[in-house]
Amino acid sequence: MTPSPAGLIITRCTVLTHDDHEGIGFAEDAAIVVRDGAVEAVISSAEAEGLTATERIDAHGQVALPGLVNCHTHAPMVALRGVAEDLPTDEWFNDVVWPIESNLTEQDVESGARLACAEMIRGGVTCFADHYFSMDAVAAVVEECGIRAHLGEAYFSSQGAQGRERSLEFALRHRGGADGRITTTLAPHAPYTVDDADLAATAELAREYGLSVHLHASENRDQAEASLARHGVTPIEVLRRTGILDVDVLIAHGTGILDRDLPALRNASGRVAVASAPRGYLKFAWPTTTPVRALRDLGIPVGLATDGAASNNSLDVWESMALTALIQKSATGDPRWLTARQALHHATLQSARAVGLGEVVGSIAPGRRADIILVDLTGPHTQPVHDLAATLVHSARSSDVRTTIVDGRVLMRDRELLTIDVPAVVRELGERMPALLDRGHGKRIQEYDT
């Protein structure tokens, strides 16, 4: 019997591969066979010549990578890109961002999420972990545009029990949505805005319903020191005593993680991961960065992230990958750490593990979902290629991504977005800007006081 045609075959590319020892390699002149949204095989281009497919892509001169994962962002905040510049963290929150967020409508969130998804798809991001408000609107955008997402409805203790309940209801309502492309999580904002009772209740809900938790903790050194001075414990120790470390948890930032926190992280009975967004740390002039090396020694995956574009100004995970490698070298005083291959591992498989999808995406291998990007290395800024990993991390740019594929579906082909009308979204946001940016009401959704 003649086998049925594959859904997609990508030929004549170099494929990034992972081995069983956390290593990165490259298979040259390879082909990727995709069937029913999953990778069926990675074979030679010669072997693929006799196979039939509904769609073929000739990727000569391009590198196929697993789609990048943005492990922590606030996608709708692209609407605030460039609004709060050159400010310390407390003024950024209290004087600009939290007053503006008092004006957010569900339509603002939807338009912002749509623009953010367009930016991420164009930059080779196939999955993002989002932590924000009015998340039903974000889930609808994910369903519509074809990207993958790990979503949580954020809440503060100042909202009362209703905030926590809405977070749970959202997680249960959308779990497995968008044909399985949506996974969900509980999303308390942070230990400095969510009290111990709410954190403990969140941990119990996570256990009861089989959910994970995504929150900010020890974002910077000031938070850790303020927590110690006021409460005698660090934010990480708060997570331990409230049971958050006993469930699967994704910690955003962690640049304030101290040596005294390492035993709590080491002894956690849940799966702990950390998301690092280094560009924002530089912009806020935080004195330390995510302790990637110490976390690696504990076996904790560190995924790459951008945070929201209000603080980072972009959703470019490619830049996060390069900055992670460079800042880790500077922070440790060791040019051998972090290598380009290690950076690629963080950007792909470790990032997938960080959002709980390590067995689903993060590598191009049989059985994994076909979340694949094709990167063009023929430009003058990427030639000649002496070390392919170094070229990808330190020379290539997000604009070199030619094609973005999620679940075997092409979302961008030759730089053309196929599922989002960007000019229409920009017009929608432009019409809302005067009302959205008004701070004359004197309100803010929360107080930053760490």
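User: How do I read the packing of two helices here, and at what angle do the axes of helix α14 and helix α15 cross?

Analyst: Two packed helices are described by the angle between their axes and the distance between the axes. This is a predicted model, in which local features need pLDDT of at least 70 and side-chain atom pairs count only at pLDDT 80 or more, while totals for chains, interfaces and linings use all residues. Residues are numbered from 1 along each chain as its sequence is written, and side-chain values use heavy atoms, with hydrogens and water left out. Helix α14 (residues 340–354) and helix α15 (residues 388–395) have axes that come within 8 Å and cross at roughly 65 degrees. Helices (H or I, at least four residues) and strands (E, at least two) are DSSP runs numbered from the N terminus, and axes are lines fitted to C-alpha atoms, for helices over the stretch in contact, with angles from 0 to 180 degrees between N-to-C directions. The crossing of α14 past α15 is left-handed, a term for a near helix turned anticlockwise from the far one by less than a right angle.

User: Which residues in α14 and α15 meet?

Analyst: From α14 come Ala340, Arg341, Ala343 and Leu344, and these meet Ala389, Ala390, Leu392 and Val393 of α15. By class, this contact has seven nonpolar residues, no polar ones and one charged residue, where Ala, Val, Leu, Ile, Met, Phe, Trp, Tyr, Cys and Pro count as nonpolar, Asp, Glu, Lys and Arg as charged, and the others, Gly among them, as polar. Thr391 also lies in helix α15, and its relative accessibility of 6% counts as buried, buried being under 20% relative accessible area, exposed over 50% and partly exposed in between, with a 1.4 Å probe and protein chains only. Apart from its neighbours within four places in sequence, Thr391 is in contact (heavy atoms within 4.5 Å) with Leu377, Thr382, Val385 and Ala396.

User: How should I read the buried face of a helix, and which residues of helix α4 are buried?

Analyst: An α-helix has 3.6 residues a turn, so residues three or four places apart point the same way. In helix α4 (residues 135–145), the buried residues are Met135, Ala137, Val138, Ala139, Val141, Val142 and Cys145. They pack against α3, β7, β8 (148–155), α5 (161–174), β9 (182–188) and β16 (409–413). After α4 comes Gly146, with a positive phi near 95 degrees.

User: Where is Tyr132 placed, and what does its side chain join in a polar contact?

Analyst: Tyr132 belongs to strand β7 (residues 125–132) and is buried, at 2% relative accessibility. Its side chain joins that of Glu101 in a polar contact of 2.5 Å; such a contact is a pair of N or O atoms within 3.5 Å, where within protein one must be able to donate a hydrogen and the other to accept it, and residues adjacent in sequence count only if both atoms are side-chain atoms. Not counting residues up to four places away in sequence, Tyr132 touches several others, including His74, Met77, Val109 and Glu153.

User: Is Asn103 buried or exposed?

Analyst: Asn103, in the loop between α2 (89–101) and α3 (106–122), is buried, with a relative accessible area of 15%. Its side chain reaches the backbone oxygen of Ala435 at 3.5 Å, and its contacts beyond four places in sequence include Asp108, Arg432 and His441.
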